[in-house]
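Please open the model in the viewer and keep the selection tool at hand. The stops below run from the whole assembly to single residues.

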Number of protein chains: 2
Amino acid sequence: MTRWRLTIEFDGGPFMGWQRQDHGPSVQQALEEALLRMTGERAAMHAAGRTDAGVHALAMTAHADVAKPLTEHRLREGLNALIRPAPVSVTAVSQVADDWHARFSCVGRRYLYRILNRRPPPALNRGKVWHVPVPLDADAMAEGAAHLVGRHDFTTFRSVHCQSQSPLKTLDSLKVERVGEEIHFRAAARSFLHHQVRSMVGTLVQVGNGRWGPEDVKSALVAKDRQALGLNAPPEGLYFVEAIYP
Amino acid sequence: MTRWRLTIEFDGGPFMGWQRQDHGPSVQQALEEALLRMTGERAAMHAAGRTDAGVHALAMTAHADVAKPLTEHRLREGLNALIRPAPVSVTAVSQVADDWHARFSCVGRRYLYRILNRRPPPALNRGKVWHVPVPLDADAMAEGAAHLVGRHDFTTFRSVHCQSQSPLKTLDSLKVERVGEEIHFRAAARSFLHHQVRSMVGTLVQVGNGRWGPEDVKSALVAKDRQALGLNAPPEGLYFVEAIYP
């Protein structure tokens, strides 16, 4: 039995998210079925993180145990051939130790959130950005974001469905930058609460459009109350960028 | 009657190209029908250039004459509301003189061609790049491209359906650059022959994969013969970037 580490790019648009669901297609199911057709084995794919419906990945990391002897080349090529036409691409594979785990060995996760900040709607990047037509002040949002960096109780920015044992998390960085017509948010932490990035971005947009001051982000954080939250940013602007391992 | 200049972003995927066709949807038809619903007028949209099926535009320029009094804001917002769900966005509008013409006043056109140069297929940019899985030498392609810059008879790089009176064109620049996993070609000229950019890119890929030397591009150009050509690059990697006016 070999444990394989996989790096996976996917367009979240047609999926209910990473994890297998009864009510619709998932990235996990697409990969597991491709692996089954290739090897005859019902191996489980474990990912560094779950993603919500519509959320994309530039480089998700997952692992699976496979008995059939395979080379890196054959596994990657076989999965990519069999997973079509699902918009999922295995960009790298490698053998790892039997106790290596995509989720539990992961020591850092990075996300990107893209807003298209212009009046006209997106044509080329539809489904790949959140369209916010009112002008946003990126500097004010960066000032608000700074209040969130560090170790905090992120109850305000947590989904009611969050399964994390504790709302205490350390946000290592949260950068806000204007890139042409877009605004990019880059978040890094060991781990995130469910909906944390989308909650933070939604709240910062309230700062960007002037309804909130940057310091109101701190008040919302301290309140530890979902009611203190701005709106959640929609999933289509969110990208899982990278999982980091020792 | 007011002549309006429009800047248009579109995803070429679902279209037969810019120009109206009997056998399928076109960007021109989508825009003309939105304008008709908005104004009751059957105004023709004239573009800086035609594009083939599947070719995208970051900023196509077009014009149309409209009798109904409109503000810039109302025209842009109205078209964007009525053109949905087609992936077309009017990003800017302005009034121009009655003798201003999107095609005939245009003094420069710029194109971008994107290749995804990695073994795994695209997931997030499917339909937005040409996937070339074999490694390409960008420096050799840049050397080959240099032979094409200047005033030449581009018969070799011309579609049999090209309607241009002369195959003589001046290519102002053709830059080849590696950008992460992609290779970008940027071409600028007053005007191009039909399929010229896709022919040049297809030929340069023969240089990039080592089948041709950079100097073979010059031989192909001098031959003035379509048979001397490498393959045509597919439409999905091509973007009309900008039309330039005095």
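Begin by superposing chain B on chain A: in this predicted model, a rotation of 180° with 0.0 Å of shift along its axis does so, at an RMSD of 0.0 Å. The two copies are thus related as by a two-fold rotation axis. To find that axis from the side of chain B, select N125(B), whose C-alpha is the nearest to it in this chain, at 4.8 Å. The same surface serves both copies, since 100% of the contact residues of chain B recur in chain A.

**The interface**

Next, select the residues of each chain that touch the other. The size of an interface is often given as the accessible area lost when the parts come together. Here, chain B and chain A bury about 1900 Å² between them, and 54% of this area is on carbon and sulfur atoms.

Now colour chain B by secondary structure.

**Salt bridges between the chains**

Side chains of opposite charge can pair when their charged atoms come close. Over all chains, the structure holds 20 salt bridges, and the count between chain B and chain A is four. Select E77(A) together with R119(B): their side chains meet in a salt bridge, with an N to O distance of 2.6 Å. Then turn to R119(A) and E77(B), whose side chains also form a salt bridge, at 2.6 Å from N to O. R119(A) lies in the loop between β5 (108–116) and β6 (130–131) of chain A, whereas E77(B) is in helix α2 of chain B, so the pair joins two chains.

**Backbone details**

Move to the loop between α2 (72–83) and β4 (88–96) of chain A, where P85(A) is found. The peptide bond joining R84(A) and P85(A) is cis, with omega of about 5°. In chain B, select R84(B) and P85(B): the bond from the former to the latter is likewise cis, with omega near 5°. P85(B) lies in the loop between α2 and β4 of chain B.

Two residues with positive phi complete the tour. In chain A, go to the loop between β9 (182–189) and α4 (196–208) and select H195(A). Although H195(A) is not a glycine, its phi is positive, at about 70°. In chain B, select K224(B), in the loop between α5 (214–223) and β10 (238–244). What is the phi of K224(B)? The value is near 50°, positive in a residue other than glycine.

Conventions
Residues are numbered from 1 along each chain as its sequence is written. Chains are lettered from A and ligands numbered from 1 in the order in which they are written. This is a predicted model: local features need pLDDT of at least 70, side-chain atom pairs count only at pLDDT 80 or more; totals for chains, interfaces and linings use all residues. Side-chain values use heavy atoms; hydrogens and water are left out. Buried area is the accessible area (1.4 Å probe) that two parts lose on being put together, summed over both. Copies are superposed by least squares on the C-alpha atoms of residues with pLDDT of at least 70 in both. Contact means heavy atoms within 4.5 Å. Helices (H or I, at least four residues) and strands (E, at least two) are DSSP runs, numbered from the N terminus.
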